[in-house]
Amino acid sequence: MKNNSTSEALFEKAQAVIPGGVNSPVRAFKSVGLPPRFIQSGSGSKIRDVDGNEFIDFVGSWGPLILGHAHPEIVDALSDAMRKGTSFGAPTRQELEMAQTIADMVPSIEKVRLVNSGTEAAMSAIRLARGVTGREKILKFSGCYHGHSDGLLARAGSGAATLSVPDSQGVPRNVVQQTVVVPFNDLQAVRSEIEDNPNRLAAIIVEPVAGNMGVVPPNPGFLEGLRKLCTRDGALLIFDEVITGFRLAPGGAQEYYGVTPDITCLGKIIGGGLPVGAFGGSSDIMDHLAPVGGVYQAGTLSGNPLAVAAGLAMLKILKRDNPYPELEAKASRLTDGLKQILDEKKVVHTINRVGSMFSLFFHPGPITCYEEALGADRTEFSRFFASMLDNGVYLAPSAFEAWFVNVTHSDADIDATLDAVRGSI
Ligand code: PMP
């Protein structure tokens, strides 16, 4: 067993001044019944905790760190930017460059607005869709997570699912009454909703590859079907690409699957590890936003110079290096190895992978929606998680999250991870 005494002492103290000791619920490791590790530093594929234990990290700050921890070019961009001032609340040349870079990379985006988190991006995208269509209802999929704004916390995935609070207290009933929830990958359910309530939906919001019920890919034809149904009904299609944006391809899942949404939400990778989100779409749609149009949305720190510097450096590296084939190769080597070990040991499991994101479910599969993901063995996952941690591999502490492979995961890291799996199973 590793020595965790400093983490444990800090966690004890943190619980006196921070609810649950953490600033975001899943960090508390509550669902796996362990105290969380307090992290001191990260470099490349590894993180080190306050007790000096080192871990191969597959959380990557929950997705943003596709280039690993403390990438030198991002650190340099940040130190250059911070010397020039940390915030102005006024336009900068760098924001323009950031917007141009995003519009250049993401197929559906002509104009984009920067915000400070994925939550803000999805919340603002919904308001924009309502403003554009003059309609109020939205449709989401159970187990998809789009941040913690009121109307989107209905059958929500991620920490809300992990902690069994998919429908949060404190959300007014009349707000969630505007949210229709159907199972992921169930096109027929979407069709029925629209037939029962024609011309009522402002938007359908979807994670094009679900990442918050564990990784669940779209069935062939699902995204295309949503596109057709939205176009026919006059609802807007919102792709929440907070996870998939710049991860599956330079242009995200919409490039990977060749389906074009009306509005795209971005976050995580776009900030290079700093707090950023964004939402964008065609000029026609985006010009409904103030100060041009009547949909209000704002932010004191939006387009913050440090966040923009880190994000721009990240996007430039992704464009320059095209790491996607390498990420695919690393992730498939890891999941092939994982499958081989689990098959040899006769452990019932399903691995869902798209590009560099994947999940391991202790379930015979297939897992195509949240309702099926809920059937996976969570006790077995918790034991696996604890053992992997003890063997030096840091995974998301939930069966409803993804493993994220990044460019700094070396062959040696993957071999060491597979050794840890062998030891844990
Ligand atoms: N959308 C998706 C698909 C996400 O995965 C997340 C966060 N995990 C969010 C939105 C919310 O982003 P944030 O935590 O930055 O508010």
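Visitor: At roughly what angle do the axes of helix 7 (residues 187–196) and helix 8 (residues 222–233) cross?

Guide: This is a predicted model: local features need pLDDT of at least 70, side-chain atom pairs count only at pLDDT 80 or more, and totals for chains, interfaces and linings use all residues. Residues are numbered from 1 along each chain as its sequence is written. Axes are lines fitted to C-alpha atoms, for helices over the stretch in contact, with angles from 0 to 180 degrees between N-to-C directions. The axes of helix 7 and helix 8 come within 10 Å, and they cross at roughly 10°.

Visitor: How does helix 7 run relative to helix 8, roughly parallel or roughly antiparallel?

Guide: Helices (H or I, at least four residues) and strands (E, at least two) are DSSP runs, numbered from the N terminus. Angles under 35 degrees count as roughly parallel, over 145 as roughly antiparallel, 65 to 115 as roughly perpendicular and the rest as oblique. The crossing is at roughly 10°. That makes helix 7, relative to helix 8, roughly parallel.

Visitor: Which residues in helix 8 does helix 7 meet?

Guide: Contact requires C-beta atoms, placed from the backbone, within 7 Å. Helix 7 brings Leu-187, Val-190, Arg-191 and Ile-194. In helix 8 they meet Phe-222, Gly-225, Leu-226, Leu-229 and Asp-233.

Visitor: Which strands stand at the edges of the open sheet of seven strands?

Guide: Strands pair if DSSP finds at least two bridges between them. The order is 4-10-9-8-7-5-6, with mixed pairing. Each edge strand has a single partner, so one side of each is left without a neighbour in the sheet. The edge strands are strand 4 (111–115) and strand 6 (179–182).

Visitor: How many bridges join strand 9 to strand 10?

Guide: Strand 9 (residues 263–266) and strand 10 (residues 277–281) run antiparallel. Ile-263 stands opposite Gly-281 in strand 10. The number of bridges joining strand 9 to strand 10 is four.

Visitor: How far apart do the C-alpha centres of domain 1 and domain 2 lie?

Guide: Domain bounds come from an automatic or database domain assignment. Domain 1 covers 5–58 + 323–424, and domain 2 covers 72–321. The distance between their C-alpha centres is 25 Å.

Definitions and conventions:
Contact = placed C-beta atoms within 7 Å.
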